[in-house]
Amino acid sequence: MRKEDIYKNIKELLVPVGAIALGLLVGAIIILMIGGNPIEAYKALFIGAFGDKNKIANTLARSTPLIFSGLAVAFAFRCGLFNIGVEGQMFVGALAAAYVGANVTGLPKVIHLPLTVISAMLAGGLWAAVPGVLKAKRGVHEVINTIMMNFISYALIAFLVTDVLRAPGQTPRTVGILPSAQLARLSELVNWSNSRLNTGFLIGLAACAVIYYLLWKTTVGYEVRSVGLSPMAAEYGGINSNQKIILAMVISGALGGLAGAERILGFDRALILGFSPGFGFEGIAVALLGRNHPVGVLLGALLFGALSNGGAWMNFSTDVPVDLIVVLQAVIIFFVAADQIVRRLFPKKKKDWGVV
Amino acid sequence: MLDILLDISLIYATFRAATPLIITAIGGLIAERSGIINIALEGKMLMGAFAAVVVSYYTGNPWLGVIGAIVAGGVMALIHGIVSIKYKANQVVSGTAINILAGGLTVFLLQIMFGVAGTSPQVRKLPTWGIFHPIVYFAIALVGITHLVLYYTPWGLRVRAIGEHPSAADTVGINVIRMRYICVVISGMLAGLAGAALSLGDLNVFVKGMTAGRGFISLAAMIFGKWTPIGAFGASLLFGFADALQMRLQGIGVPSQLVQMIPYIFTMVALAGFVGKSTPPAALGQAYDKAKR
């Protein structure tokens, strides 16, 4: 790596790290205000997230859907699109996974599992194609349409899970996923863990690599990024920007569908209503924090997974309500979005690096 | 069958369901007409609903609760405004952050103040005047007032100007930044008031996540009503009617979830221009930078 590149990477880290630091500071002030001890609380938070092997596994399990949803938001961002509908794309992906994974019988695992995962990706991709096409063909802002489609998907899934696909029992859920479509859990592989961390995490790592390759090593990725930087210039350079907008939405939606598939096939093994505490929305924060780069997304997902799991432990051992974590996440998003605040508080050491 | 579905109480139920939508949609269009995307309505409404109950709990006076709701919505909007106007953050991102913040903060404070996880203690609610609680009448009046202000006063003209072409407005001496702050804060105050209509008008408690997407339905009503007060009023009534009707349809076996989709589908169809195109203000979502005019 050249010297300038190293400086550039350090500069890229400034805003996310500064935002996290400011977020934790705001959290500490809130904990003080309610009469708690911030050091004790943050210690409990850390122990809850990374205290032992099993806790680390659970943190990775909580991070897994965020890797997918963060990648989904980041990929759309790279094309200049704000996909706020990852939550809905995840829901329809989950629905497809739950249906194909439980109702298609008689297939060997090598066919059934990929088939189920692909149907989840297809469902998410098609769901996201609608706002993509409307943006490309009718010029409608994708933010509004993806919000609307989130609510349509909530209602659709609520209807299907409580009525049509409901398994017998108290809680609304679909019938269990067949063994031939399940992602293996850590708890089934080793005896020291009861974690539901599953092979979906490895798919998440692979997805980061694939998206990196796609964006920076292929022509399509170059075209997508060109449209994101300037649709007009891209069009002038011979890129069909409408086509790239639709493509970016479909890929983004497919990643959202994968987030649903991992939860249904590995973590929950059925579609339980309310399985997501908002993974799609946390993905927005993860993508922002990760500067829309797959490596950043991975780190952001791990951070948010750790905050959520550690938060529960903090609540248990220090009486600071777990919802403080949600407040922290919102504050971090504010500081990342308003990066000028962070840049002002953490000024550059030297004025000019030359080429940056 | 129709006579079971349609009677005078259905009309009352429609107005009750439409009230928070009307107020929030009007608030939303004031912000959006000035050029600020307001997807944070949901969060501001939720904060308003919460503050209303807290103030009514500690003072025993629901009217003070309403004022508390307005202030809380305004404060959330001020944060939204500072981040998106002064620091030029992406308005959709900051709006999302407001929604997440409100969801977390209300539950957090519910634990701290009342030691409960989901539902606050009961408080004194607003009185009923005739058929409705007072905020319903205010909502209807608000439509007329906003229409007059937006289209028949210089102030309204300025709001519309800075949302369409802020640099042109600036050259004729309109303070774009200040106007946008005012519009965003008014919008937040109205969303907060709508929250009070839910928690002190319809109910007498705060329930975790009680706005249940109404902020987004209001956004939909604003778009479906083509960013005009009267249009937003009509759309809110329509969506309120759908809401009131779903309860009854459920009674005769129609799944309520399918009826709940209607507002969102209508909005997408309207935006796509299949039935009378909705066009947003031209400068919507762009931070105003004086240096770039």
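Of the 188 residues that make up the largest nonpolar core, A:Ile147, A:Leu271 and B:Leu219 touch the most other members. A nonpolar core here is a set of buried Ala, Val, Leu, Ile, Met, Phe, Trp, Tyr and Cys residues joined through side-chain atoms within 4.5 Å, where buried means under 20% relative accessible area, exposed over 50% and partly exposed in between, with a 1.4 Å probe and protein chains only. Taking B:Leu219 and skipping its neighbours within four places in sequence, the contacts (heavy atoms within 4.5 Å) are A:Ile144, A:Ile147, B:Glu32, B:Asn38, B:Ile39 and B:Leu41. Another core, of six residues, lies apart from the largest one, and B:Leu10, B:Ala242, B:Ala244 and B:Leu249 are among its members.

A word on the ground rules. The model is predicted, with local features needing pLDDT of at least 70 and side-chain atom pairs counting only at pLDDT 80 or more, while totals for chains, interfaces and linings use all residues. Residues are numbered from 1 along each chain as its sequence is written, chains are lettered from A and ligands numbered from 1 in the order in which they are written, and side-chain values use heavy atoms, with hydrogens and water left out.

Next come two helix pairs in chain A. Helices are DSSP runs (H or I, at least four residues), as are strands (E, at least two), and both are numbered from the N terminus. The axes of α4(A), residues 86–103, and α12(A), residues 279–289, come within 7 Å and cross at roughly 135 degrees. Those axes are lines fitted to C-alpha atoms, for helices over the stretch in contact, with angles running from 0 to 180 degrees between N-to-C directions. The two helices α4(A) and α12(A) are therefore oblique to each other; on this scale, angles under 35 degrees count as roughly parallel, over 145 as roughly antiparallel, 65 to 115 as roughly perpendicular and the rest as oblique. On the α4(A) side the contact is made by A:Val86, A:Glu87 and A:Met90, and on the α12(A) side by A:Phe279, A:Gly280 and A:Phe281. Sorted by class, that contact of α4(A) with α12(A) has four nonpolar, one polar and one charged residues. The classes take Ala, Val, Leu, Ile, Met, Phe, Trp, Tyr, Cys and Pro as nonpolar, Asp, Glu, Lys and Arg as charged, and the others, Gly among them, as polar.

For α8(A) (residues 200–217) and α9(A) (residues 219–229), the axes come within 5 Å and cross at roughly 75 degrees. That makes α8(A) roughly perpendicular to α9(A). Here A:Leu214, A:Leu215 and A:Trp216 of α8(A) meet A:Gly221, A:Tyr222, A:Val224 and A:Arg225 of α9(A), and the contact divides into five nonpolar, one polar and one charged residues.

Several buried residues deserve a look too. A:Arg269 sits in the loop between α11 (241–268) and α12 of chain A, and at 11% relative accessibility it counts as buried. Its C-alpha atom is separated by 5.3 Å from that of A:Ile177, 92 residues apart along the chain. Leaving aside neighbours within four places in sequence, the contacts of A:Arg269 include A:Ile177, A:Gln182, A:Arg185, A:Glu188 and A:Arg263.

A:Pro321, in the loop between α13 (294–318) and α14 (324–337) of chain A, is buried as well, at 3% relative accessibility. Not counting residues up to four places away in sequence, A:Pro321 touches A:Ile34, A:Met314 and A:Asn315, along with B:Phe108, B:Gln111 and B:Ile112. Over in chain B, B:Ala97 belongs to helix α5 (residues 91–114) and is buried, with a relative accessible area of 0%. With residues up to four places away in sequence again left out, B:Ala97 touches A:Ala330, A:Ile333 and A:Phe334.

B:Lys226 is found in the loop between α10 and α11 (229–251) of chain B and, at 40% relative accessibility, counts as partly exposed. The C-alpha atoms of B:Lys226 and B:Pro121 are separated by 40 Å, with the two residues 105 apart along the chain.
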